[in-house]
Amino acid sequence: MHGSYLPKYRGKAPVNWAVLNGEDHLGATLHHMIQKPDAGDIVDQERVPIGPRDTAAEVMARVVDAARVVLNRQLENLLRGAAPRRPQDESRATYFGGRRPEDGRIDWSQPAAKIFNLIRAVTRPYPGAFADFEDGRRLIVWWAEPQPQSGAPGKILSQDPLVIGAGQGSLRITDFDWREG
């Protein structure tokens, strides 16, 4: 069982990558195992939506539910050794590697919408998106709202509420922690 709608998002952390990339759906795929990771023939799949404000944790819960649906649908076939086989379309395959906490670093030169997707992809229970400031403090961002207001990327435009400029637009940071460097 793989936590994506194969052949897209082969590899590690498919839910986080899909949210980060702003996808509108993902899924659970039961597939035959072969040497190449996540590339075996598909037994069955269930698609799940990703809403524009969903976090990776919310999507993961849907993917787990979809996996249960797929297993229930195919259990008899699996027990009989008669699982269906549908080859994956290699021309549509994508592969993504694992993610590390350091991958949550915010690049303020990116558009606010892209930074928002990063935040959604790594918010709790993951390590969070973060930015280091010149005073040695680290801002851990758990949630933010994209804003049309523009300002210099990475510049604090307001402290109450906390608004930080991005490459295009800005972000109103609504849930955050400051940590000493």
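Modeller: Searching the whole structure turns up one cavity of 30 Å³ or more. On a 1 Å grid over the protein atoms alone, a cavity is a set of points where a 1.4 Å probe fits but cannot get out, while a pocket is an open set with protein on both sides within 12 Å along at least five of seven lines; a lining residue has an atom within 4 Å of a point. Grid points are joined across faces, edges and corners, and the volume is the space filled by probe spheres set on the points. Before going on, this is a predicted model, so local features need pLDDT of at least 70 and side-chain atom pairs count only at pLDDT 80 or more, while totals for chains, interfaces and linings use all residues. Residues are numbered from 1 along each chain as its sequence is written, and side-chain values use heavy atoms, with hydrogens and water left out.

The largest cavity comes to about 40 Å³, and Y5, K8, Y9, E23, H25 and L26 line it. That lining splits into three nonpolar, one polar and two charged residues (Ala, Val, Leu, Ile, Met, Phe, Trp, Tyr, Cys and Pro count as nonpolar, Asp, Glu, Lys and Arg as charged, and the others, Gly among them, as polar).

The largest pocket holds about 190 Å³ of space. Its lining includes L20, N21, D103, R105 and K114, and by class has four nonpolar, two polar and four charged residues. Helix α3 (residues 112-122) gives the largest share, three residues; helices (H or I, at least four residues) and strands (E, at least two) are DSSP runs numbered from the N terminus.

Now the strands. E46 sits in strand β3 (residues 42-49) and is partly exposed, because its relative accessible area is 24% (buried is under 20%, exposed over 50%, partly exposed in between, with a 1.4 Å probe and protein chains only). Beyond its neighbours within four places in sequence, E46 touches Y5 and L26 among others, contact meaning heavy atoms within 4.5 Å. Its side chain also makes a polar contact with the side chain of R73, at 2.9 Å; that term means a pair of N or O atoms within 3.5 Å, where within protein one must be able to donate a hydrogen and the other to accept it, and residues adjacent in sequence count only if both atoms are side-chain atoms.

T29, in strand β2 (residues 25-31), is buried, because its relative accessible area is 0%. A polar atom of the T29 side chain lies 2.6 Å from the backbone oxygen of S4.
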